[in-house]
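Please look through the sequence and structure below before reading on. The paragraphs that follow walk through some strands, helices, a nonpolar core, a cavity and a pocket.

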Amino acid sequence: MRMSRYYLPTLREKPSEAEIISHQYMLRAGIMRRLAAGLYTLLPLGNRVKLKVESIIREEMNRQGALEVFMPVVQPAELWQETGRWSVFGKELLRFKDRHDRDFCLGPTHEEVITDLVRNELRSYKQLPVNLYQIQTKFRDEVRPRFGVMRAREFIMKDAYSFDASWESLDESYQKMYQAYTNIFTRCGLTFTPVEADTGAIGGDVSHEFMVWAEAGEDGMAICESCKYAANTEKAEFKRITIDCPQVTPAAEEVHTPQVGSIEDVSAFLGVEPQRLVKTLIYRIDGERYVAFMVPGHRELNELKAMKAAGASEMEMASPYEVEEITGAPVGFAGPIGLKRPVTLIADHSLKGAKDMVVGANREDYHTIHVEVERDFSPHQYADLLLVEEGDLCPHCGEPMRIARGIEVGHIFKLGTKYSKAMNATFLDKDGKEQFFIMGCYGIGVTRTIAAAIEQHHDDKGIIWPISIAPFEVSIVATNVRKESILKAGEQLEKALEDKGVEVIFDDRDERAGVKFNDADLTGIPIRVTLGERGMAKGEAEVKLRREKDPVIVKVEEIPQKVMELREELFQEVRLP
């Protein structure tokens, strides 16, 4: 491929809209262009990377016996109403009406559609198990799309759905997908960790996220280096913390704490450690009831765990007006004693029996000290409510855990019968009895995987692609194409490498050498061959790996062999063991 005939608009300056490296380089390297918030066009270079990722995904999915289908992105409301998700999915579900006033949505996921397909086609246990997948456009109307394709509204996803006759069979299907995902991300050249995760809006009992290690990651991972336990911070468990308290608690009393509403200010004002303060956080649950969650002052509430403890499908913090109506005081002075309205009290396990604590007095500029849980107030429920932190002890081996940042590129779920029951999707077992399909679902963000690869593989000059997903494998840079001998040498080398199956882009533009080198670094092609006037006069050229600082000098006639050797070394790094 000749650069002079290729559509590759690179940018010298960092685009003002781009906050993270992958977003910057995908714009600067001519990989994509923005159409509107959260909507992007992939340019030729970006589309080549996408096709590479998709090819790896297809190979590994097919290897595990999955079958490819292609489902509509527009979905009828009736299917979503069957499962109840039409009303609970939220504003990310883009709903609209057709000309006949019928309700539809743009699919953010395809559980309903695939379940409808299978319930109308598969009737016998003899047809199971089956795993159907697609690579398709998804749309989620993000309230704040950002970070380029990392959190876009429209994106490309591989989603698969397994249907089994038994739970044991689901375990096998799940393990096959776990292995397929491990193979896919290994072949894409990514450093990743599968972590236990919450099932979220998709539902089900068990799930794992595949997290690519990156500082720009929006997700946290709790990792035990000792026993290899790993979980998303929203899901992560840890050994319960303990709060140091005196054995005897004086009678509770209110004290004046003028203009000290924050934990830090109250702690300093009263001379009490933050762990002996209790945060009372009031939330509105499912739009109709209120719950006060109580956690130690030095820890943060895990909202996902809180939702589960409250049995909620939706939860949001109460407004300042609602807080004052419930407590009689402004935000910052809420406590569990003497609330003005009935509220469910849910406390973290660590507060059970805690003594000599400090809580808000439900009165502006006042707190209550010497509070003893169970003596002065009794929670309706205890639960694990805390967000994991660096140094918390592993629930399995008791060693301290570390917190790392990651990008979720894949997520696998054991759905069970959540959707098959809701949609009455059944098959006949070997005894002729109707049974619900036992399902799993498995997603990979294709465009997100591209961004994650850039986050892991870059320097201050540009992208450094793993060769398996690089848009081209070799870049030939002719420093002076006006010199006929150099242009001809570049053309001959291009043909020689392409005849060997190498993907080559030949920079034959009439540009300064510096411009060409900058573009080669920016676009991240793994191997660069430079044909310069001085070197060619001696029958030599430079061959350089993008990730290395210095080139090696190679005789012109030996360039194809040297390139093939380097190419094989790079591919060896991303091959499966």
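How many bridges join β5 to strand β6, and do they run parallel or antiparallel? The model is a predicted one, and in it three bridges join β5 to β6 (residues 103-106), with the two strands antiparallel. Within β6, F104 is the residue that stands opposite F96. Both strands belong to an open sheet of three strands in the order β4-β6-β5, paired in antiparallel fashion. The edges are taken by β4 (74-76) and β5 (95-97), each of which has a single partner strand, so one side of each has no neighbour in the sheet. On average, neighbouring strands of this sheet are turned by 40 degrees against each other, direction ignored.

Strands of a sheet pair through backbone hydrogen bonds, in a parallel or an antiparallel way. Strand β10 (residues 206-213) is joined to β21 by eight bridges and runs antiparallel to it; here F210 stands opposite G410. Strand β11 (residues 219-223) is also antiparallel to β21, with five bridges between them, and A222 has I403 as its bridge partner in β21. Six bridges connect β21 with strand β24 (residues 438-445), again in antiparallel direction, and F413 stands opposite C441 in β24. Of the 15 residues of β21 (residues 402-416), eleven are buried, so the strand is largely enclosed by the rest of the structure.

Next comes the nonpolar core. The largest one has 59 residues, and I31, M61, Y181, F185 and W465 are those with the most contacts inside it. Helix α6 (residues 167-187) supplies the largest share of this core, seven residues. What does M61 touch, not counting residues up to four places away in sequence? The residues touched by M61 are A66, Y133, K158, A160, M177, A180 and Y181.

Helix α2 (residues 44-63) contains V53. The relative accessible area of V53 is 1%, and because buried means under 20%, V53 counts as buried. With neighbours within four places in sequence left aside, V53 is in contact with V446, T449, I450 and I469. F437 lies 384 residues from V53 along the chain, and the C-alpha atoms of these two residues are separated by 31 Å.

Helix α1 (21-28) has seven of its eight residues buried, so it is largely enclosed by the rest of the structure. The buried residues of α1 are S22, H23, Q24, Y25, M26, L27 and R28. Their cover includes β1 (32-36), β2 (39-42), α11 (446-456), β25 (458-459), β26 and α13. Just after α1, G30 has a positive phi of about 70 degrees.

Helix α13 (513-523) has V515, K516, D519, A520, D521, L522 and T523 as its buried residues. These pack against α1, α2, β26 (462-463), β27, β28 and β29 (527-531). Just after α13, G524 takes a positive phi, about 75 degrees.

Helix α13 also takes part in the lining of a cavity. How many cavities of 30 Å³ or more are there? The count is three, and the largest cavity holds about 80 Å³ of space. Its lining consists of M3, L8, L45, S475, V477, I505, D507, K516, D519, A520, T523 and I525. The elements giving two or more residues to this lining are β27 (474-478), β28 (504-507) and α13. The most comes from α13, with four residues. Among the lining residues, K516, D519, A520 and T523 are also buried residues of α13.

Two or more lining residues come from each of α7 (263-270), β14 (278-285) and β18 (357-360). Which element gives the most to the lining of this second largest pocket? Strand β14 does, with five residues.

How values were computed. Residues numbered from 1 in each chain as written. Predicted model: local features only at pLDDT ≥ 70, side-chain atom pairs only at ≥ 80, totals over all residues. Heavy atoms only, no water. Core = buried A, V, L, I, M, F, W, Y, C linked by side-chain atoms within 4.5 Å. Buried < 20%, exposed > 50% of the residue type's maximum accessible area, 1.4 Å probe, protein only. Contact = heavy atoms within 4.5 Å. Pairing = 2+ DSSP bridges. Axes fitted to C-alpha atoms, helices over the stretch in contact; angles between N-to-C directions. 1 Å grid on protein atoms, 1.4 Å probe; cavity = no way out; pocket = protein on both sides within 12 Å on 5 of 7 lines; lining within 4 Å. Points joined across faces, edges and corners; volume = space filled by probe spheres on them.
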